[in-house]
Amino acid sequence: ISFSVALGPLATREEARQIAGLIKGDFEPLRVVRVRSGFMLYAGAAGASRDALGIKIRLAEEFGLNGRVVRMVNDSERTYIYGD
């Protein structure tokens, strides 16, 4: 189980890639996932929700990006994402 910050939904994959390029290096791993309403960008990986909250705060302060903390659970083949 890990925690990440979800940004989006974004209208296009290109928009998600532009944001990923902007925050690359400080908030890796970055994942772009297609969802029903567009694309989501998942930034960072933290072992605890309070650490993911620190990622969320940094994204807001340094880049003006607002996201929400989500929980990611991996099994052998799939990743499940739980958020509000």
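A residue counts as exposed when its relative accessible area is over 50% and as buried when that area is under 20%, with partly exposed residues in between. In this predicted model, glycine 64 has a relative accessibility of 56% and therefore counts as exposed. Glycine 64 sits in the loop that lies between helix H2 and strand E4. From isoleucine 1 it is separated by 63 residues in sequence, and the C-alpha atoms of the two residues are 27 Å apart in space.

The sheet is an open one, with five strands that pair in antiparallel fashion and follow the order E2-E3-E1-E4-E5. Its edges are formed by strand E2 (30–35) and strand E5 (79–82), each of which pairs on one side only. On average, and with direction ignored, neighbouring strands of this sheet are turned by 35° against each other.

Within the sheet, strand E1 (residues 2–10) and strand E3 (residues 38–46) run antiparallel and are joined by five bridges. One residue pair can be named here, since strands of a sheet pair through backbone hydrogen bonds, either parallel or antiparallel. Phenylalanine 3 has alanine 46, in E3, as its bridge partner.

| Helix | Residues | Strands | Angle |
|---|---|---|---|
| H1 | residues 13–23 | lies across E1, E2 and E3 | about 25° to E3 |
| H2 | residues 49–63 | touches E1, E3 and E4 (68–74) | about 35° with E1 |

Note on methods: Residues numbered from 1 in each chain as written. Predicted model: local features only at pLDDT ≥ 70, side-chain atom pairs only at ≥ 80, totals over all residues. Heavy atoms only, no water. Pairing = 2+ DSSP bridges. Helix = DSSP H or I, 4+ residues; strand = E, 2+ residues; numbered from the N terminus. Axes fitted to C-alpha atoms, helices over the stretch in contact; angles between N-to-C directions. Contact = heavy atoms within 4.5 Å. Buried < 20%, exposed > 50% of the residue type's maximum accessible area, 1.4 Å probe, protein only.
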